[in-house]
Amino acid sequence: IGGPIVTNIQTCTKPKLPPNPIPPLYCCPPMSASEPINFTLPDPAEPLRVRRPVHAVGAEHMAKYERAIALMKALPHSDPRSFYQTANIHCAYCTGSYHQTGNPGLDVQIHFSWFFYPFHRAYLYFFERIAAKLLEEPGFALPFWSWDVPEGMQLPPEFANSSSPLYDPLRNPRHVPPKIVDLEFARQVGENNFTDEQQIQQNLRVMYKQMITNAALPSLFHGQPFRAGEADRPGAGTVELFPHNTMHTWTGDVAEPNVENMGIYYSAGRDPLFYPHHNNIDRLWVAWRDIGASRGYRGHVDFTDPDWLDSSFLFYDEEARLVRITVRDVLDIEKLRYRFDGVDMPWLDARP
Ligand code: C2O
């Protein structure tokens, strides 16, 4: 037992789905005629993309995101860059479609373990570059949904317009703007009785707790180690449980059997809001390390375990080439040529 987790496209099989799933019911990517190529970093001379919050990036930029989604939706399903295949990538990595190379009886599941942040970072990296390519705008940057700061604590209105490609009919009809998000939302509990101001303050306390109080070690923030030969889902990190999971459930339609689309793994990538949501998660990974550096919290550092660093995932890039990317490849966002800007961390003052 031990070693990195490696996936192979040839071993992808049908997903293990919950009862009453909504089609499509198969998530494996198109086969590639050639072996995956190993990831290489973008040219260091490439300008840094600046990822900004949806609530402040401006209508013109949001119109670009909308157009990128429309262009991806217009590609044939056979194209690995289509929106259909993009959503399926997430499905395949969270439904046991992939099996561990060398241990075919064991699934690859990138949630509830130390792969949560790096898998989704790699996913967004390729997503952003595919969007930029289709838009013919090399510097295009993916906006993020900053539900952790008061200005971003609602469903972004651009996504609530039913004639937009950003709209998803499978969402909670009670959670349209200007309803304030509940970072602790649970289906079984439902709505609370907070005023908007109480909800905002509570959300800020939740952020402090998940980013600082309960996240003093890499395994607490990232999740537990998951190595070759081990069963999946060893344990999630703080932010993965909430606000990450809770915001998925808050967004999805609680009237659907599995809170589709956002509220369950297999369908979450079908909602165009998934990507700005995960972009905020990606930003919080950067924030957690920055807080550690500025406050001297020595546990706010990434793992150095080679089983983590050498684990790898498969994606198709903007040229439709199959690429193998490792955790090690995604640890430095400057090398990936992007950065975050446009919001502070007001929850740093919200110690519960
Ligand atoms: Cu892969 Cu937000 O889930």
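I began with the record: UniProt positions are given in the numbering used here, feature names are shortened, and annotations may be inferred rather than shown by experiment. In that record, an unreviewed entry, I found "domain: Tyrosinase copper-binding" at residues 271–282.

I noted that this is a predicted model, where local features need pLDDT of at least 70, side-chain atom pairs count only at pLDDT 80 or more, and totals for chains, interfaces and linings use all residues. Residues are numbered from 1 along each chain as its sequence is written.

**Entry: the annotated span**

I looked up residues 271–282 in the model. The span is 75% helix and 0% strand. Its end C-alpha atoms lie 18 Å apart. Helices (H or I, at least four residues) and strands (E, at least two) are DSSP runs, numbered from the N terminus.

**Entry: the whole chain**

I listed 10 helices and seven strands for the protein chain. The C-alpha trace spans about 55 × 50 × 50 Å along its principal axes.

Does the radius of gyration agree with a compact globule or disagree? It agrees, because a compact globule of 352 residues would have a value near 20 Å and the protein chain has 19 Å. I took the radius over C-alpha atoms; the globule rule is 2.2 Å times the number of residues to the power 0.38.

Of the 352 residues, 44% count as buried. Buried means 20 or more other C-beta atoms within 10 Å of the residue's own, exposed 12 or fewer, and partly exposed in between, with C-beta atoms placed from the backbone.

**Entry: the sheet**

I traced an open sheet of three strands, in the order β1-β6-β5, with mixed pairing. The edge strands are β1 (37–38) and β5 (312–316), and each pairs on one side only. Two strands pair if DSSP finds at least two bridges between them.

β1 and β6 (residues 322–326) pair in the parallel sense over two bridges. N38 stands opposite R324 in β6. β5 and β6 run antiparallel and are joined by five bridges. Here F313 has I325 of β6 as its bridge partner.

I then checked the hairpin of β5 and β6. Five residues lie between the strands, and A320 takes a positive phi near 65°.

**Entry: around β5**

Which way do the residues of β5 point? S312, L314 and Y316 point one way, F313 and F315 the other way, and all are buried. β5 is mostly covered, with five of its five residues buried.
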